[in-house]
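This briefing is meant for someone meeting the structure for the first time.

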Amino acid sequence: MQRELQWASGKLAGINILGFAAPGRAAHLGELKKARALSEQALQITKENNFKDNAAGVAAFAALLEAEVGNFGQARGRAATSLALSRKPTNLPAIAVALALAGDSKQAQGIVDELHRRYPDTVANDVFIPCAQALLESNRGDPAQGIQALQVASRYELGPVYSFLPIYVRGLIYLHARKGQQAAAEFQRILNYRALGEIVPAYALSYVGLARAYALTGDSAKSRKAYQDFFALWKDADPDVPILKEAKAEYAKLQ
């Protein structure tokens, strides 16, 4: 990745690396400060070249990364940056999921409705919209409806471009519903695909999901092992990342 970054630095042609692959890899390792710096570099290049839709996509992806690790304030800020640049299928789908994860249900629902109205025939309707809608239903206290909303996304859930998002969201909803066995099965599905997970934060975060799921089932030994695997992967992570702080507190209670 370092060689690719050196090539991409400062180049419009390198935006997919600078704006997506490299920040995704950094977030996968818990290095959110590095992910932000890379995203900011990509954002600056696209703005300087007046590629507003591309810039909006970079900011939307950054919002999703922040939301996944629990940096909800950062997620909302990146979402606002993205929306100020553009409101297209290149950024709205990721923002809808990011805001739903961040608990901003009203704005997330508004974006879902906008996507349905303005862009009815995009792939967002089969992947990102169901993920956002599923999270919104769970936030409203109806996890069963959330799981139902995800059915349409099932055929895409192992597509590398979607970063395991439908499976990960399903796991989160089962966790919220305190269905540990079902949640564990979803997170384990992601962890079975290590080769696809090297630049996907949801892969690393699935260790935390798995640990929480096993804790719900009462299997403390498996829960501890999943936390330990997560800590090993995030050994160089920024110490202030919310999900890392939460995982350490939860692990301590298992000792």
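In what follows, Ala, Val, Leu, Ile, Met, Phe, Trp, Tyr, Cys and Pro count as nonpolar, Asp, Glu, Lys and Arg count as charged, and the others, Gly among them, count as polar. By that division, the lining of the second largest pocket holds 13 nonpolar, 4 polar and 3 charged residues. The model is a predicted one, and every value below is computed from it.

**Helix H10**

- Helix H10 covers residues 165-176, and because its 12 residues at 1.5 Å a residue should span 16 Å, the distance of 16 Å between its end C-alpha atoms agrees with expectation.
- Most of H10 is covered, with 11 of its 12 residues buried; among them are Leu165, Ile167, Val169, Arg170, Leu172 and Tyr174.
- The buried residues of H10 pack against helix H4 (52-68), helix H6 (92-101), helix H8 (128-139), helix H9 (143-149), helix H11 (180-191) and helix H12 (201-217).
- Just after H10, arginine 178 adopts a positive phi of about 60°.

**The largest pocket**

- In the lining of the largest pocket, 20 residues are nonpolar, 5 are polar and 1 is charged.

**The second largest pocket**

- The second largest pocket has a volume of about 380 Å³, and 20 residues line it, of which Phe72, Leu101, Leu172, His176 and Arg212 are the closest to its centre.
- At least two lining residues of the second largest pocket come from each of H4, H6, H8, H10, H12 and helix H14 (242-254).

- In soluble globular proteins, nonpolar side chains tend to be buried together.
- The largest nonpolar core here has 75 residues, and Val97, Ile111, Val169, Phe230, Trp234 and Ile243 are the members that touch the most other members; H12 gives the most to this core, with 10 residues.
- Leaving aside residues up to four places away in sequence, isoleucine 243 touches Glu68, Val69, Leu205, Val208, Arg212, Phe230 and Trp234.

Terms used: Residues are numbered from 1 along each chain as its sequence is written. This is a predicted model: local features need pLDDT of at least 70, side-chain atom pairs count only at pLDDT 80 or more; totals for chains, interfaces and linings use all residues. Side-chain values use heavy atoms; hydrogens and water are left out. Helices (H or I, at least four residues) and strands (E, at least two) are DSSP runs, numbered from the N terminus. The expected span of a helix is 1.5 Å times one less than its number of residues. Buried means under 20% relative accessible area, exposed over 50%, partly exposed in between (1.4 Å probe, protein chains only). Contact means heavy atoms within 4.5 Å. On a 1 Å grid over the protein atoms alone, a cavity is a set of points where a 1.4 Å probe fits but cannot get out, and a pocket is an open set with protein on both sides within 12 Å along at least five of seven lines; lining residues have an atom within 4 Å of a point. Grid points are joined across faces, edges and corners, and a volume is the space filled by probe spheres set on the points. A nonpolar core is a set of buried Ala, Val, Leu, Ile, Met, Phe, Trp, Tyr and Cys residues joined through side-chain atoms within 4.5 Å.
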